[in-house]
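Look through the sequence and the model below before reading on. The paragraphs that follow go from strands to helices and then to the core.

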Amino acid sequence: MHLSSLPSPYGIGSMGRCALDFADFLADAGQSFWQVLPICPTSYGDSPYQSFSTFAGNPYFIDLEALEQDGLLQREEYVQVDWESAPGDVNYGALYEKRYPILRLAAQRLLAAQPADYTAFLTENRTWLPDYAAFMALKDAHGGRPWWEWEEGLRLRHAEDLAAAQRTYASDISFWQALQYLFFRQWKALKHYVNEKGISLIGDLPIYVSLDSADVWARPELFQLGEDHMPTEVAGCPPDAFAADGQLWGNPLFDWDAMARDGYAWWTERIQRLCQCFEVLRIDHFRGFEAYYAIPYGAPDAREGRWKKGPGAALFQAVEQTVGPGRIIAEDLGFLTAEVHALRQACGFPGMRVLEFAFDSDRNSTNPYLPHNLPRHCVAYSGTHDNDTLRGWLSSLEGESACYAREYLRLSSREPHWDAIAALWQSVADLTIVQAQDLLGLGSEARMNTPSTVGTNWRWRSLPGAFTPALSRRLRDLTALYGRLG
């Protein structure tokens, strides 16, 4: 359940009352974990996997009512705003236009009477926050254009041009820094509340960063870029049965040799920060650490790509030496090799198993995603953010796949999603996760993301009052039935 999907009268879910209410629901239902998508700022396309910064928090999640309680907003400044969205939908265009003017009022008041810990916050985040704030201020000054369309001195970060820009846009830079203080202050309070309820938070770490990000603009030496700071090759996936042209993601690739020379310091800091925000961390596209698919920059699709070796276990050894043994889930879905399996096992990370991958047309009882084939050391999911909801998926099955799923899961006609969840929880998997949409029994209209499409993704929100006491009791009873109470 991502924060954006929580019910709220202000256009998108936040770290306020709606998040606390959901934590209460989980606690009452006997649950132990709450998993969210990346909490970084979204950029064009609204995907949390394409962000302006891998270190920053998403300002949209800053709760406006909490700002009022802190004396940073007056109620009339935000309560009457038309967010131009239905209760079950996020309108990101309206948020972009209307949220920041309100947040700017709060930031101005914060900066006029800085809290005692504000300077310490700036110091603690000095390795990334000044660059991120300058990046966002310059992006605003350039009408939102990507950094490679800025004038050369700023694009290539010439010292004298940067110094002049920092003087010119000093107030805007301070604004973006203040927003991060507000975000992480509220996140700390939310995390404390959730943990006090006996619930651990699972975060999400995308392997790649966006080309149009403060990360690439500020640290070009860490990426495979040419002299003009543009990529030589970009990320993606090779052609397969589902995508004849492969998937062209377009993210810049890491210069793993450069990263190795300083002991993977950037990665260590990145994971360390997220481990402070979450108890458990899911690392997206784990297979890319063993070998990654590199596509020539400018290619029309992914057909011309080739596999290259990644950093392997050396990266995670460096992280463990600095951060300590972390609780990491390896997203090991997709095209895997024996080397990928060996790397995950060497690191000791549990992999993922997805119920919606379990049923193919030939009634393959050895399918590794079937509940009876799951190992203990894994995290089993009903589906991920890239999958349809359980009801949507079940209704889409045809022929022998539909018959097999119906017989195996012992599906009822009225509430098949509960039958599927029960089958998952009967497995020996150490941890099982279901999407909030599946608890609510929603169809394909509530799907979070359809890969390789744009315009309608990442928008689903639950309706107010959807997570009822009756649903909590039912969830708790089913959890207890299979010995999974926290």
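Which residue in S6 does Glu233 stand opposite? Glu233 stands opposite Pro296 in S6. This is a predicted model, in which local features need pLDDT of at least 70 and side-chain atom pairs count only at pLDDT 80 or more, while totals for chains, interfaces and linings use all residues. Residues are numbered from 1 along each chain as its sequence is written, and side-chain values use heavy atoms, leaving out hydrogens and water.

Strands (E, at least two residues) and helices (H or I, at least four) are DSSP runs, numbered from the N terminus. Strand S3 (residues 233–237) is joined to S6 by three bridges, and the two run antiparallel; strands count as paired if DSSP finds at least two bridges between them. S6 also pairs with strand S7 (residues 306–309), in the antiparallel sense, over four bridges. Here Ala294 stands opposite Arg306 in S7. Buried means under 20% relative accessible area, exposed over 50%, and partly exposed in between, with a 1.4 Å probe and protein chains only. Five of the six residues of S6 (residues 291–296) are buried, so this strand is largely enclosed by the rest of the structure.

Next come the helices. In H15 (residues 399–409), the buried residues are Ser401, Ala402, Tyr404, Ala405 and Leu409. They lie on the same side of H15, because they cover an arc of only 165° around the axis, taken from the directions from the helix axis to the C-beta atoms. These buried residues pack against helix H14 (390–396) and helix H16 (416–425). Just after H15, Arg410 takes a positive phi of about 55°.

H16 in turn packs with helix H18 (residues 469–481) at an angle of about 35°, their axes 11 Å apart. Axes are lines fitted to C-alpha atoms, for helices over the stretch in contact, and angles run from 0 to 180 degrees between N-to-C directions. The contact (heavy atoms within 4.5 Å) involves Trp418, Ile421, Ala422 and Trp425 of H16 and, from H18, Leu471, Arg474, Leu475, Leu478 and Thr479.

Last is the core. A nonpolar core is a set of buried Ala, Val, Leu, Ile, Met, Phe, Trp, Tyr and Cys residues joined through side-chain atoms within 4.5 Å. The largest one has 154 residues, of which Trp34, Trp187, Trp267 and Phe289 touch the most other members. Helix H8 (residues 170–196) gives the largest share of this core, 12 residues. A second, separate core of five residues includes Val234, Tyr293, Ile295 and Ala302.
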